[in-house]
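Please read this briefing alongside the sequence and the 3D view. It is set out by topic.

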Amino acid sequence: MAAAHIIATADLVHRIEQTRQGVNWLITARRTDQWAKIEGIFYAARELCTRPIDGEAQRELWRMRHDLLELRIVLRREWQAKIEETTAKLLQDNQPLRQLGEMLSGLPPILQKSKDALSRAGNLPPVKMLSGLPLIRDYLDPKQQKQKEITQALDQTLDYPFMIELGWRLDHVLAVANQTEQEFWGTIGDELNAVAQVVQAIAEKVQQIELQYWLVEPYNELVERYRQLSQHNSLAQHSA
């Protein structure tokens, strides 16, 4: 029975590993397909723009722009879902850490009072003894580990914002070639707001563990620059 149990367990572990490898392959294939879509549009548009942009070419550029928009929406929604998935498990046990942090917030004054009392009594313990209390050490280490895990999990989703911004750049070039730049700037606002909400969701989640995630500020600035360009072009169109 024991041998059969060991064999069954080993077989289960093998099957789980095979499933994990299969899932990883599907994820890689999915990402490759998305990159291929952007790269394919880039090369096709470059070839199309080597000749005069007639009516047929304009329709083709419109189709490419529609494909880019649809791809960006898929990327944004996948990005948002991935953030929810990767952070939910890592943050679900964060409540004990927060409660412990609140309890420890009143600990330093207590330590200082004890230190002063011992000093007056002429029996001051070494500083290392106070700073190395197990309770403080046990609080800081898990918190720092949690921040590291969240950072690594979010870093694994960086392809999404990168491809979204690359899609904006390529879409803008196609709009200029198609003489529809004003339409591009006039309709991008809602998409910018949707991306900004994803970044805000990241900021709110990492705030739970007092983590300043490095992507939040620069990506907010990037979205704001696109928004300013959109407003500037809208004003220029009205004044023309």
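Predicted model: local features only at pLDDT ≥ 70, side-chain atom pairs only at ≥ 80, totals over all residues.

Residues are numbered from 1 along each chain as its sequence is written, and side-chain values use heavy atoms, with hydrogens and water left out.

**Pockets**

- A pocket is an open set of points on a 1 Å grid over the protein atoms alone, where a 1.4 Å probe fits, with protein on both sides within 12 Å along at least five of seven lines; lining residues have an atom within 4 Å of a point.
- The largest pocket has a volume of about 280 Å³, a volume being the space filled by probe spheres set on the points, which are joined across faces, edges and corners.
- Its lining consists of Ile 27, Arg 31, Glu 78, Ala 81, Lys 82, Glu 85, Thr 86, Ala 153, Gln 156 and Tyr 160.
- Helices H1 (2-48) and H2 (55-91) each supply at least two residues of this lining, and the largest share, 5 residues, comes from H2; helices are DSSP runs of H or I with at least four residues, numbered from the N terminus.
- By class, the lining of the largest pocket has 4 nonpolar, 2 polar and 4 charged residues, where Ala, Val, Leu, Ile, Met, Phe, Trp, Tyr, Cys and Pro count as nonpolar, Asp, Glu, Lys and Arg as charged, and the others, Gly among them, as polar.
- The second largest pocket holds about 200 Å³ of space, and among its lining residues are Trp 62, His 66, Asp 171, Phe 184 and Glu 191.
- H2 and helix H8 (181-187) each give at least two residues to the lining of the second largest pocket, with the largest share, 5 residues, from H2.
- That lining divides into 4 nonpolar, 2 polar and 5 charged residues.

**Helix H9**

- Helix H9 (residues 189-207) has 19 residues and reaches 27 Å from its first C-alpha to its last, close to the 27 Å expected at 1.5 Å a residue; the expected span is 1.5 Å times one less than the number of residues.
- Buried residues of H9 include Glu 191, Leu 192, Val 195, Val 199, Ile 202 and Lys 205; buried means under 20% relative accessible area, exposed over 50%, and partly exposed in between (1.4 Å probe, protein chains only).

**Aromatic contacts**

- The structure holds 7 aromatic pairs, a pair being rings of Phe, Tyr and Trp (its six-membered ring) with centres within 6.5 Å; planes under 30 degrees apart count as stacked, over 60 as edge-to-face and the rest as tilted.
- Phe 42 and Tyr 43 form an edge-to-face pair, 5.3 Å centre to centre with 65° between the planes; Phe 42 is partly exposed at 38%, as is Tyr 43 at 40%.
- Phe 184 and Trp 185 have ring centres 4.9 Å apart and planes at 75°, so this pair is edge-to-face; Phe 184 is buried at 1%, and Trp 185 is buried at 5%.
- Trp 168, Phe 184, Trp 185 and Tyr 226 form one aromatic cluster.
- The charged end of Arg 31 sits over the ring of Tyr 160, 4.4 Å from its centre; the criterion is NZ of Lys or CZ of Arg within 6 Å of the ring centre and within 35 degrees of the ring normal.

**Positive phi**

- Gln 179, in the loop between helix H7 (159-177) and H8, has a positive phi near 60° and is exposed at 69% relative accessibility.
- Glu 210, in the loop between H9 and helix H10 (216-239), has a positive phi of about 55° although it is not a glycine, and is exposed at 56%.
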